[in-house]
Amino acid sequence: MKETVFSASTGPDDLLDIAEFRALAEPRMPEDYRNFVNNAGMEQTLRDDIAAWGSLHLRPRALVDVSHVDTAVTVLGQPIAMPIITAPFVGSSLIDPEGEVATARGAMAAATITTLSMMGTRPPEDVGAVAKGRYWQQIYCMRDRGVVQDVIARAEAAGASALCLTVDLPVMPAFPRPMRVAAQALFRRWQEPEHMMYAVRNYADRPIGATFPDPAATWADVEWMRGLSSLPLILKGVIRPDDALRARDHGVSAVIVSNHAGQGLRASQPVAHALPGIVAAVGADLEVYADSGIRSGADVLRALALGARAVLVGRPVLWGLAAAGADGVKRVLTLLQAELAEVMAITGATSMAQVDRSVLGNIPREAAQRD
Ligand SMILES: Cc1cc2nc3c(=O)[nH]c(=O)nc-3n(C[C@H](O)[C@H](O)[C@H](O)COP(=O)(O)O)c2cc1C
């Protein structure tokens with residue numbers, strides 16, 4: 001359990017919550033990266049997500065023996081120490097020289113899964129060597145299906161345990177000026193040799209800008225992708241229950257309820273409002289995960305109470321990476337785990353199986369909506 005006000009401090013560099021990691025990390029990030037991470041000029045959707053989680057009140061439960069709380073869970077049959085997984089990010093070598101490999105090291109030290117972006121700067125082989133099977137490979141459906149095919153083959157050979165197809169960016173949105181300036185500067189830096197995306201480095205004859213994204217991708221591509229490997233397929237960026245049902249009918253194993261934390265459809269429904277309808281629609285047929293705006297162990301518990309089996313965290317992991325590399329990632333993850341264990345204890349749950357909707361004191365009407 002996390003250090004409390006009643007126990008001795010373990011050192012001056014103890015960071016007590018995600019906001020403290022953010023405060024330490026932001027001055028260490030290149031300005032363009034910081035603006036990109038902060039959705040500069042288009043903050044509202046992320047704000048709505050954070051507010052929607054925060055609006056779900058929790059109820060303490062009295063006099064349960066909570067001397068031992070276990071946060072372990074299995075996802076797609078794979079056991080992990082906490083229901084918290086690192087989300088995929090574009091090009092993180094700009095904030096740590098090891099980039100996605102450092103994120104993987106931190107995730108392994110916390111005994112969970114890391115997700116490598118197809119737009120990452122360190123390749124599947126390097127992440128796979130560190131992650132030893134605790135790694136999901138994120139995929140974008142590029143116009144050039146050869147790139148998709150090659151990355152899937154490399155990920156499978158590198159020991160990925162699942163593929164995670166992002167479906168919420170069929171077109172690149174036209175960003176407002178501050179975000180556009182940041183994104184353009186970053187994409188220039190991602191052409192530099194030491195920061196180049198592996199999918200560009202290895203497929204230089206097929207530049208990523210010309211092939212990403214493919215607005216013509218459909219459910220037929222999901223079927224095609226399933227045929228390319230024996231790995232379970234997860235869809236990332238599902239908000240509608242009817243899409244989750246379609247995913248099930250196309251042999252998908254899990255969905256991540258996500259709105260890309262405000263970087264895709266602006267004015268998207270918050271994930272906390274979309275999640276219950278999806279869980280109700282798919283029942284036990286699919287595993288359901290959630291991301292976008294999770295900032296504390298209480299937020300993790302809220303997502304689990306609404307029926308998610310696990311969450312992905314994005315920015316908090318990037319803040320950990322920028323603050324202290326792999327160790328920072330580990331500390332962010334174990335901090336969230338400790339916070340989760342604490343709120344589980346106070347709400348009377350000693351294992352994931354005991355977390356249910358009864359821990360919620362209120363469910364706003366939008367979050368209760370089931371269709
Ligand atoms: C800087 C940045 C880069 C991202 N890159 C990707 C990506 O390459 N692929 C993807 O599927 N999602 C990407 N995302 C979305 C995250 O995977 C995740 O859905 C989101 O960050 C979760 O919300 P949170 O940051 O509030 O925790 C990115 C997000 C950020 C902030």
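## Helices H13 and H14

A crossing of two helices is called right-handed if the near helix is turned clockwise from the far one by less than a right angle. In this predicted model, the crossing of helices H13 and H14 is right-handed in that sense. Two packed helices are described by the angle between their axes and the distance between the axes. Here the axes of H13, which spans residues 297–305, and of H14, which spans residues 315–346, come within 7 Å and cross at roughly 65 degrees.

On the H13 side, the contact is made by Gly297, Ala298, Val300 and Leu301, while H14 contributes Leu336, Ala338, Glu339, Leu340, Glu342, Val343 and Met344. Taken by kind, the residues of this contact divide into eight nonpolar, one polar and two charged.

Strand E8 (residues 254–257) pairs in the parallel sense with strand E9 (residues 287–290) over four bridges, and Ala254 has Glu287 of E9 as its bridge partner.

## Around the ligand

The ligand has 22 residues around it, of which Ala87, Ser117, Thr166, Ala261 and Gly314 come nearest. By kind, the residues of this shell divide into ten nonpolar, nine polar and three charged.

Terms used:
Residues numbered from 1 in each chain as written. Predicted model: local features only at pLDDT ≥ 70, side-chain atom pairs only at ≥ 80, totals over all residues. Near = placed C-beta within 6 Å. Nonpolar A, V, L, I, M, F, W, Y, C, P; charged D, E, K, R; others polar. Axes fitted to C-alpha atoms, helices over the stretch in contact; angles between N-to-C directions. Helix = DSSP H or I, 4+ residues; strand = E, 2+ residues; numbered from the N terminus. Contact = placed C-beta atoms within 7 Å. Pairing = 2+ DSSP bridges.
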